[in-house]
Amino acid sequence: RRVLFRSSRQVLANDLATAAGYVRSLLPSPLESGGIRADWRFIPSASLGGDAFGYHDLDPDHFAVYLLDVCGHGVGAALLSVSALNSIRSETLPHTDFHDPGAVLAALNRAFPMERQNDMFFTAWYGVFHRGRRTLRWAGGGHPPALLVGGTAAPRLLDSDGPLIGAVDGLEFGSGEVAVPPAARLFVFSDGAFEIGLPDGSMWPFADFVAMLSALPEAPESPIDGLVKRIRDLSRQDDFNDDFSMVELAFA
């Protein structure tokens, strides 16, 4: 029985590793184009969550960035996140203006109702940067706010106060808009980036996470790498309890 138990655990571990590898294969390459430098870090947890993200040009003037986080863990959550990710990056959601963040989240809500997804729902953040106007429109559904830092403006949280994706049919999602100053950086992340347990049993305060991320220098190392190092120092653990996903856009 012990041999069978160990064998079953190994099969499960192999399946999770394969699923994590598949998710990683779909993530975009870092890029620098049109006044935007895009980078990311994805550190899957031992149980593999449902994180997926991407970015791409909608046209020469518009650049989209997005991150999804499916509830729960395991292969099922990863498969749903991949399905939703592919529908955004291939722009195949029907009757959807992908320049309109609120419309994109409403379309995702219609396409992935939880009753047809084994009762799984997900959170999402979707933004569109207009290069000429230097504005960012965004919408979020149940997701952590993104963080816009740098330039001459104070750090700003881009709230994600829309409903969860897939939970209730027929909902609408509003969009916000913000000016993006020169030399600004945008961080979009999952809750696994800041829901960190500390050695004393408490949770790392979100305000401390925002302050740390806002203060990290851009060079010589990635700000995300600096954050990961400090999180591991704080938690005194190398592993994360949930997927760590973060996308960074640096604007010229």
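**View 1. Asp 208 counts as partly exposed, with a relative accessibility of 40%.** Here, exposure classes follow relative accessible area (buried is under 20%, exposed is over 50%, partly exposed is in between, with a 1.4 Å probe and protein chains only). Please keep in mind that this model is predicted: local features need pLDDT of at least 70, side-chain atom pairs count only at pLDDT 80 or more, and totals for chains, interfaces and linings use all residues. Residues are numbered from 1 along each chain as its sequence is written, and side-chain values use heavy atoms, with hydrogens and water left out. Asp 208 belongs to helix H4, which covers residues 206-215. Helices (H or I, at least four residues) and strands (E, at least two) are DSSP runs, numbered from the N terminus. How far apart in space are Asp 208 and Phe 194, C-alpha to C-alpha? The distance is 9.2 Å, while in sequence the two residues are separated by 14 residues.

View 2. The C-alpha trace spans about 65 × 45 × 30 Å along its principal axes. Buried residues make up 50% of the 252 in the protein chain. Among contacts (heavy atoms within 4.5 Å) between residues at least 6 apart in sequence, 66% join residues at least 24 apart.

**View 3. Helix H3, residues 101-111, is mostly covered.** Eight of the eleven residues of H3 are buried, including Val 104, Leu 105, Leu 108 and Asn 109. Which elements do the buried residues of H3 pack against? They pack against strand S4 (62-70), helix H2 (75-89), strand S5 (122-130) and strand S6 (135-141). At the start of H3, the backbone nitrogen of Gly 102 has a side-chain oxygen of Asp 100 within 3.2 Å.

**View 4. Ser 245 sits in strand S11, residues 244-251.** Is Ser 245 buried or exposed? With 0% relative accessibility, Ser 245 counts as buried. The side chains of Ser 245 and Asp 51 make a polar contact at 2.8 Å. Such a contact is a pair of N or O atoms within 3.5 Å; within protein, one must be able to donate a hydrogen and the other to accept it, and residues adjacent in sequence count only if both atoms are side-chain atoms. Leaving out residues up to four places away in sequence, Ser 245 touches Asp 51 and several others, among them Arg 41, Phe 53, Leu 67, Val 188 and Ala 193.

**View 5. His 130 lies in strand S5, and Arg 134 is placed in the loop between S5 and S6.** His 130 counts as buried at 10% relative accessibility. Not counting residues up to four places away in sequence, His 130 touches Asp 61, His 62 and Thr 135. Arg 134, by contrast, is partly exposed, with a relative accessible area of 25%. Its backbone deserves a look: Arg 134 has a positive phi of about 55° although it is not a glycine.

**View 6. Ala 183 is in the loop between strand S9 (176-179) and strand S10 (184-189).** What is the phi of Ala 183 near? The angle is near 65°, a positive value in a residue other than glycine.
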